[in-house]
Amino acid sequence: MRMLTSLVLALTALPYLSLATVVQDFNHVERCKDSLYMGTPPRGIVDIRLKKICQRYADKPRYVTLYDPHKRIPVYSAYTFKKTEGDSRVDYPWMYEPQLAEIDGNGNMLPFPTGHLPMNLEDSQAVLDDYSDVLYERGHLNPDQHQSTPHDRAATYTLTNVVPEIREFNIGPWREYEERIRVRLNNFCRGTAYIVTGVTTRGNMIRRNNQDRVAIPEDIWSAYCCTEYNRNSPHDVRILFPSHAALAKNAKEGNSVHEMTVQELEMFLKNHMDVDQNLQIFYDNCVSPSPLPLYLQHTI
């Protein structure tokens with residue numbers, strides 16, 4: 001028995017077995033942490049029931065998601081922004097996460113099967129029937145227009161990356177905000193931009209067949225971090241770097257997007273999410289080590 005335990009421990013340490021997309025730590029999957037600033041996920045989220053998903057498509061990690069299998073929505077998705085022209089969306093098939101349902105696979109997200117769905121799939125995550133109510137749309141946390149390659153875009157079309165958004169909010173203020181950030185980062189971010197987009201909830205649920213199925217977000221929030229930016233940009237742009245954030249109500253009215261500092265967003269989330277007082281979205285508040293002597297740093 002002792003030999004068997006030792007063998008299991010040895011095997012689980014082998015890197016090639018880390019293909020499963022549901023992981024103990026985002027660092028367990030090769031290149032998965034590349035979606036996170038300094039390879040570090042947001043700190044201070046305390047719910048141990050949440051699942052860490054390294055979103056793999058076509059055998060490559062694309063971004064990461066912290067997923068709540070009980071509410072059947074992501075808490076957040078974290079990704080790197082890819083410069084893009086923001087061209088029209090392409091019709092990709094919707095996918096699910098096999099590892100959440102303990103369905104054998106090669107670690108990649110898969111298109112939903114046609115016909116009857118296995119019970120463990122419906123139990124573990126949202127399915128297409130949950131979004132049949134015309135009041136709500138499938139709102140991406142990692143939006144396809146923030147990605148550039150066909151594979152990176154296709155990978156955003158998993159239900160583990162979307163939440164129920166009120167249609168008027170999704171196609172109005174939030175889409176306008178996503179486009180504003182796309183243009184801002186395209187034009188003024190010189191290095192890699194890291195984005196984390198998430199939700200708060202207050203107990204409202206989409207019901208299907210007399211069962212609570214999918215949590216409806218109360219708020220949608222987002223924050224970006226880009227430490228290498230155009231320091232010759234206009235002052236009203238420079239003050240939005242290296243990091244900035246936004247918050248909006250997922251509602252039909254009163255849904256305008258409010259931009260704010262990341263620290264202001266964190267203060268709000270401490271009162272509206274299951275987090276502790278150490279909540280920090282970006283490692284070291286997105287402050288990159290300066291190569292300049294201390295007495296010159298204020299001149300940047």
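Mentor: Let's begin with words: helices (H or I, at least four residues) and strands (E, at least two) are DSSP runs, numbered from the N terminus, and two strands pair if DSSP finds at least two bridges between them. Keep in mind that this is a predicted model, where local features need pLDDT of at least 70, side-chain atom pairs count only at pLDDT 80 or more, and totals for chains, interfaces and linings use all residues. Residues are numbered from 1 along each chain as its sequence is written, and side-chain values use heavy atoms, with hydrogens and water left out.

Now for S5. Its antiparallel partners include S4, over five bridges, and S10, also over five bridges. Find Ser 77 in S5: Thr 65 stands opposite Ser 77, and Ser 77 in turn stands opposite Thr 197 in S10. S4 and S5 form a hairpin with four residues between the strands, and there Arg 72 takes a positive phi near 60 degrees.

Is S5 buried or exposed? Buried means under 20% relative accessible area, exposed over 50%, and partly exposed in between (1.4 Å probe, protein chains only). Eight of the eight residues of S5 are buried, so this strand is largely enclosed by the rest of the structure. Across the protein, buried residues make up 50% of the 300 residues.

That brings us to the nonpolar core, a set of buried Ala, Val, Leu, Ile, Met, Phe, Trp, Tyr and Cys residues joined through side-chain atoms within 4.5 Å. The largest one has 52 residues, and Phe 112, Trp 174 and Ile 195 are among the members touching the most others. S4 (60-68), S5 (73-80), S10 (194-208) and helix H4 (167-188) are among the elements that each supply at least two residues of this core. H4 gives the most, with six residues.

Counting contact as heavy atoms within 4.5 Å, and leaving aside neighbours within four places in sequence, Phe 112 touches residues including Trp 94, Leu 121 and Leu 159.

Finally, follow H4 along its length. The expected span of a helix is 1.5 Å times one less than its number of residues, so the 22 residues of H4 should span 32 Å, and its end C-alpha atoms, 31 Å apart, agree with that. H4 still has a kink of about 35 degrees, centred on Trp 174; the bend at a residue is the angle between axes fitted to the seven residues ending there and the seven starting there.
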